[in-house]
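Colleague: I have a model open and would like to learn how to read it. Can we go through it feature by feature?

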Amino acid sequence: MEKVLSRVGVLERIASRISEDDQSRADLLKVSRDVLADLDPIPVSVAAPLLGVSEPTVRSWTRRGLLIYADAQDNGLDVRRLYEVIALVRELRAAGQTHDLLNKVWQRLADNAVLERSDLRESLVQMRRGDGIPTDIDELERDLGIAD
C-alpha cells in the first residue's frame, strides 16, 4: 500500500512542476486520482502505520471527521482522504510540527479548500497581472460603514 501511495505522490509532484494550462498536468493528476479510486478502503490497522500514529488515534481522527470511512459499515477508510491526510502529516512533521497534528491538518485542509476555489484562483491571476483596482482604505471603510 505504501508503495502505491508513494507512486501517486511522485505523479503529483511531477504534475506540480508543469504549467497549469498544460494538458500533461491534468492527465497526470487524473491518473493519480484514478489510482486512488481503484484502491479498496484501507483498514485502520493499515492506516495507522502509514500515518505514523496509533490505531486509537486513527479512530479518534475518524470520529472527529478528519478521516472518513469509505462506506456506512466502517469497513475501511476512504483512500483519497487518507492519502491527503498522510501527505499533510508528513509535510507538517518535516517542518518540525509534531504536536496538535489534528488541528494543524484540519487547518491545512481548510486552506487547501479555499485555494482550490476557481474564483479565488482567478482573482489571484488578475492581481498578479496588475488588473486590480487601487482602493483607498479610508474610503472603503466609509463605504462599508466601518470607519472610525
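Predicted model: local features only at pLDDT ≥ 70, side-chain atom pairs only at ≥ 80, totals over all residues.

Modeller: Residues are numbered from 1 along each chain as its sequence is written, and side-chain values use heavy atoms, with hydrogens and water left out.

Colleague: What sits at the ends of H5?

Modeller: Aspartate 78 caps the N-terminal end. One of its side-chain oxygens lies 3.4 Å from the backbone nitrogen of arginine 80. After H5 comes glycine 96, with a positive phi near 85°.

Colleague: Which residues of H5 are buried?

Modeller: Buried means under 20% relative accessible area, exposed over 50%, and partly exposed in between (1.4 Å probe, protein chains only). In H5 the buried residues include Val79, Arg81, Leu82 and Val85. The buried residues of H5 pack against H1, H2 (23-38), H3, H4 and H6.

Colleague: Now the core. Which residues have the most contacts inside the largest nonpolar core?

Modeller: In soluble globular proteins, nonpolar side chains tend to be buried together. A nonpolar core is a set of buried Ala, Val, Leu, Ile, Met, Phe, Trp, Tyr and Cys residues joined through side-chain atoms within 4.5 Å. Here the largest one has 27 residues. Leu51, Val58, Trp61, Leu67, Val85 and Val105 have the most contacts inside it. H1, H3 (44-51), H4, H5 and H6 each give two or more residues to this core. The largest share, eight residues, comes from H5.

Colleague: What does leucine 67 touch?

Modeller: Contact means heavy atoms within 4.5 Å. Leaving aside neighbours within four places in sequence, leucine 67 is in contact with residues including Leu51, Val58, Trp61, Leu77 and Val85.

Colleague: How many salt bridges does the structure hold?

Modeller: A salt bridge is a side-chain nitrogen of Lys or Arg within 4 Å of a carboxyl oxygen of Asp or Glu. The structure holds five. In one of them, arginine 90 pairs with glutamate 2, with the closest N and O atoms 3.7 Å apart. Arginine 90 lies in H5 and glutamate 2 in H1 (residues 2-16), so the pair ties together parts 88 residues apart in sequence.

Colleague: Where do glutamate 55 and arginine 59 lie?

Modeller: An α-helix has 3.6 residues a turn, so residues three or four places apart point the same way. Glutamate 55 and arginine 59 are both in H4 (residues 55-63), four residues apart, about one turn of the helix. Their side chains meet in a salt bridge of 3.4 Å, N to O. Glutamate 55 is partly exposed at 32% relative accessibility, and arginine 59 is partly exposed at 37%.

Colleague: Last, exposure. Why does helix H8 lie largely in the open?

Modeller: Count its buried residues. H8 (residues 137-144) has eight residues and the number buried is zero, so H8 lies largely in the open. Just after H8, glycine 145 takes a positive phi of about 75°.

Colleague: Where does threonine 98 lie?

Modeller: Threonine 98 is in the loop between H5 (79-94) and H6 (101-115). Threonine 98 counts as partly exposed because its relative accessibility is 44%.

Methods: Polar contact = N/O pair within 3.5 Å; in protein donor to acceptor, adjacent residues only side chain to side chain.
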